[in-house]
Amino acid sequence: DRTDVSVDLDDFTTVAEDFHGHDRTAVCPRCLPELRRAADLYRGEFLAGFTLRDAPDFESWVGFRGEHFERRADRVFTRLAAVQALSGDYGGAIETTARRLAIDPLHEDAYRTLMLLHAWSGDRSGAVDAYRRLVATLDTELGVSPLDETTELYEAILEEDLPRAPA
């Protein structure tokens, strides 16, 4: 009987899936409070530091559930940053995107978002720094270069030929 029990993962799931009638990829200002609440509920890796000795099935389940919640958190942070950017809160969107990168430091799309947010906020050096961090991370972790579209965005930032900021 869970009537008197509140579980943060249940709350996170409920809030993360509340689209109040629109497509799950769409964002609107009405999404902002719920997305902030979902972001606040996500505090990192599922059952971080908790293990059971000689329980491979449990460890497998924890890994599976952890990946599930990380994917949801990625969607929450992506949508929240989009709503923040739409409302002109580039600082908030930058912080949110940094949290997204904390989940997956190899997420090149998140780096592109971070670069754009810095550039739109007038912080060209922050955009360049984000690109350089991506280059170093990809080289160290995978021994690869960024995608062409990321390098093209970097060059557009240097030339101040940016895509239009969201209205």
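Guide: Helices are DSSP runs of H or I with at least four residues, strands are runs of E with at least two, and both are numbered from the N terminus. By that reading, W61 is found in helix α3, residues 56-86. The model is predicted, so local features need pLDDT of at least 70 and side-chain atom pairs count only at pLDDT 80 or more, while totals for chains, interfaces and linings use all residues. Residues are numbered from 1 along each chain as its sequence is written, and side-chain values use heavy atoms, with hydrogens and water left out.

Visitor: How many helices and strands does the secondary structure of the protein come to?

Guide: The protein has seven helices and zero strands, following the pattern α-α-α-α-α-α-α along the sequence.

Visitor: Is W61 buried, partly exposed or exposed?

Guide: Buried means under 20% relative accessible area, exposed over 50%, and partly exposed in between, with a 1.4 Å probe and protein chains only. W61 is partly exposed, because its relative accessible area is 41%, and buried residues make up 37% of the 167 residues in the protein.

Visitor: Which residues line the largest pocket?

Guide: On a 1 Å grid over the protein atoms alone, a pocket is an open set of points where a 1.4 Å probe fits, with protein on both sides within 12 Å along at least five of seven lines, and lining residues have an atom within 4 Å of a point. Here the lining consists of D8, L9, F12, L41, Y42, R43, G44, E45, F46, G66, F69 and E70, and the elements giving two or more residues to that lining are α1 (8-16) and α3.
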